[in-house]
Amino acid sequence: MDKFKQIEAFVDVVEKGSLARAALEQNITPVMLGRRIDALERRLGVKLMHRTTRHLTLTEEGTVFLDHCRKLLDELDFAEKIISEGRHKATGHLVVSAPAAYGRKHVAPHAPAFVAANPDVRISFNLTDRVVDLVREGYDVGIRIGGVIDPNFVAVKLAANRRVVCGSPAYFARHGIPRTLADLEQHNCLAFNLQGGQQRGWYFQQNGKPVTIKVNGNLDCNDGELLHRWACEGLGLAWRSTWEIQPELAAGQLITVLDEYALDNYDIMAVYPQQRHLPAKIRFFIDMLKAVYAQPGYWNRPQNW
């Protein structure tokens, strides 16, 4: 028999003053309620109360046990209330990982408004281009751009995005426009050189299949914003996400090429470990980012270096 039901029956009978009144409120028979208390006494090996048809008297052990049971039930009620409220009210410490440049421009700037709307939440950010282990390193949610998602995680699309090759009008005026992937061999390609980065090649799709093109150039670095700047200055071609270059595309400062080879499904996603009940702090944060990114013209706004 459930230990909790036994304890609950004991406390309820004492507070109602009789088996009959407690049984009526719980919509069970007095006999069933009495069996629960009998089972509790057998399990404890002590007599908790003396019962007659008219009176109920606690033993000394029963009085001591009642006090502990009431505290236990109060703490359980409080715990259930906190957990239940947590599904509807954002509380606690939210730990977020995001790519460095993207996090600086499109995640962290929205944190002040989020905590203003959810004053019981504290947010910590780790902005890094390294793919972190969310579970092992203690993150609630990670922002990812493209890539394969572990099946043990849930991925929520925040905004559409593609990886494209781009350059300035001045660069194309000097060096021409690549028409095929093979043409990239004749161009100065600005590569991201962080470990596991673009020095391995740029990724495309051709005839419905993924392909990797090895690129070369006289400039590479481990900072995406610097690559962005170099491309705008006409120093070479860059392989960038549309979220990063959209303002320059709208202004005509950058032009995309080889669009027919661009990868699909390189979207911006929020990723978190699978869990039965998603805390409100995570759900509200994801909903906030989706709403911000869906604002008309958001991605065309000028960005600071």
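Is the crossing of α1 and α2 left-handed or right-handed? Please keep in mind throughout that this is a predicted model.

1. The crossing of α1 and α2 is right-handed. Helix α1 covers residues 3-16 and helix α2 residues 19-26; they pack at an angle of about 120 degrees, and their axes are 8 Å apart. The two helices are therefore oblique to each other.

2. **Who touches whom.** On the α1 side, the contact is made by Ala9, Asp12, Val13 and Lys16. Helix α2 contributes Leu19, Arg21, Ala22, Glu25 and Gln26. Sorted by class, the contact of α1 with α2 has four nonpolar, four charged and one polar residue.

3. **The sheet.** Now for the strands. Five of them form an open sheet with mixed pairing, in the order β11-β8-β12-β7-β13. The edge strands are β11 (220-221) and β13 (255-257), each of which pairs on one side only.

4. **The parallel pairing.** Strand β8 (residues 189-192) runs parallel to strand β12 (residues 237-241), and two bridges join them. If you want a place to look, Cys189 stands opposite Leu237 in β12.

5. **Helices on the sheet.** Helix α8 (residues 224-232) lies across β8, β11 and β12, and it runs at about 170 degrees to β8. Helix α9 (residues 242-251) also packs on the sheet, where it touches β7 (163-167), β12 and β13. The direction of α9 makes about 115 degrees with that of β12.

6. How many of the five residues of β7 are buried? Five of the five are, so β7 is largely enclosed by the rest of the structure. In a regular strand, side chains alternate between the two faces of the sheet. In β7, Arg163, Val165 and Gly167 point one way while Val164 and Cys166 point the other way, and all are buried.

7. **The neighbours of β7.** Which strands does β7 pair with in the antiparallel sense? One is β12, over four bridges, and Val165 stands opposite Trp239 in that strand. Another is β13, where the antiparallel pairing with β7 runs over three bridges; there, Gly167 has Ile255 as its bridge partner.

Notes. Residues are numbered from 1 along each chain as its sequence is written. This is a predicted model: local features need pLDDT of at least 70, side-chain atom pairs count only at pLDDT 80 or more; totals for chains, interfaces and linings use all residues. Side-chain values use heavy atoms; hydrogens and water are left out. Axes are lines fitted to C-alpha atoms, for helices over the stretch in contact, and angles run from 0 to 180 degrees between N-to-C directions. Angles under 35 degrees count as roughly parallel, over 145 as roughly antiparallel, 65 to 115 as roughly perpendicular and the rest as oblique. A crossing is left-handed if the near helix is turned anticlockwise from the far one by less than a right angle, and right-handed if clockwise. Contact means heavy atoms within 4.5 Å. Ala, Val, Leu, Ile, Met, Phe, Trp, Tyr, Cys and Pro count as nonpolar, Asp, Glu, Lys and Arg as charged, and the others, Gly among them, as polar. Two strands pair if DSSP finds at least two bridges between them. Buried means under 20% relative accessible area, exposed over 50%, partly exposed in between (1.4 Å probe, protein chains only).
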